[in-house]
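Q: I would like to learn how to read the features of a model such as this one, taking one feature at a time. Could you show me the structure before we start?

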Amino acid sequence: MARTVGTPVTSYSSIAHSYATEDMREQLANMKDINQVTCYGKADINSIYGGFFFYGVHMVEPLIYMFDEKIISARFNKNDKENLNSSASLVFENGRMATLIITSKKYGWQTFVETDEGVVELKSKKEKVDPDRNYVEYGNYVQYRKGNPGATKSIIHGIAVLEAIQKSIITGQLGNC
């Protein structure tokens, strides 16, 4: 519909579309035999802004971007104790697993990968640039109709993963993406 009427529409994680995440994606291309991934990040499953969707996007979309692989299922592991972490287990189409550790005490995101050499934290090796990539791309998109930040295909897949996690939060069952 947006295309039909010529209206720019997008939705995406600013973290996924940053120069730092782009650098981490490049680092992953040089790593061999990544067995599993662990991401730590803040989210609130009871958020008035859409539950896990609100901040969970900042863990899910960077994974989709960095690995460029489809996530096929998700299971949320709820910790019923107040103010304690919970987690979600994601399975990629190629069988790789990712664990999201949903933090309640710390704001920020970290990603670790396990390889034959051990567990490695992914950190950008580039200096922070201002404005970051997401702002530049979105500005060009709105002003000049160039590019497509948060391309429709990745938006839909990211939403499907978030929806599967939200379904698992509610039902306690596996959610398919």
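Q: Is Glu137 buried, partly exposed or exposed?

A: Burial is read from relative accessible area, where buried means under 20%, exposed over 50% and partly exposed in between (1.4 Å probe, protein chains only). Glu137 has a relative accessible area of 24%, so Glu137 is partly exposed. Before we go further, note that this is a predicted model, in which local features need pLDDT of at least 70 and side-chain atom pairs count only at pLDDT 80 or more, while totals for chains, interfaces and linings use all residues. Residues are numbered from 1 along each chain as its sequence is written, and side-chain values use heavy atoms, with hydrogens and water left out.

Q: With which residue does Glu137 form a salt bridge?

A: Side chains of opposite charge can pair when their charged atoms come close. The term salt bridge is used for a side-chain nitrogen of Lys or Arg within 4 Å of a carboxyl oxygen of Asp or Glu. Glu137 forms one with Arg133, the closest N and O atoms being 2.7 Å apart. Because they are four residues apart in helix α4, about one helical turn separates Glu137 from Arg133; helices (H or I, at least four residues) and strands (E, at least two) are DSSP runs, numbered from the N terminus. Arg133, at 12% relative accessibility, counts as buried.

Q: How many salt bridges does a search of the whole structure find, and which parts of the chain does the pair of Arg25 and Asp68 link?

A: The search finds four salt bridges. One of them joins Arg25 to Asp68, with the closest N and O atoms 4.0 Å apart. This pair links distant parts of the chain, since Arg25 is in helix α2 and Asp68 in the loop between α3 and β2 (71-77), 43 residues apart. Arg25 is partly exposed at 29% relative accessibility, whereas Asp68 is exposed, with a relative accessible area of 58%. The side chains of Glu121 and Lys123 also meet in a salt bridge (3.9 Å, N to O), and there Glu121 is partly exposed at 26%.

Q: Over the face of which residue does Arg25 lie?

A: A charge sits over a ring if NZ of Lys or CZ of Arg is within 6 Å of the ring centre and within 35 degrees of the ring normal. Arg25 lies over the face of Tyr65, at 4.5 Å from the ring centre.

Q: How many aromatic pairs are there, and what are the centre distance and plane angle for Phe54 and Tyr55?

A: Rings of Phe, Tyr and Trp (its six-membered ring) pair if their centres lie within 6.5 Å, and planes under 30 degrees apart count as stacked, over 60 as edge-to-face and the rest as tilted. By this rule the count is six aromatic pairs. Phe54 and Tyr55 have ring centres 4.8 Å apart and planes at 65°, so their pair is edge-to-face. The rings of Phe67 and Phe92 lie 5.7 Å apart, centre to centre, with planes at 55°, so that pair is tilted. Because Phe67 lies in helix α3 and Phe92 in strand β3 (residues 86-92), the pair ties together parts that are 25 residues apart in sequence. Phe67 is buried at 9% relative accessibility, and Phe92 is buried at 0%. Ring pairs also link Tyr49, Phe54, Tyr55 and Trp109 into a cluster.
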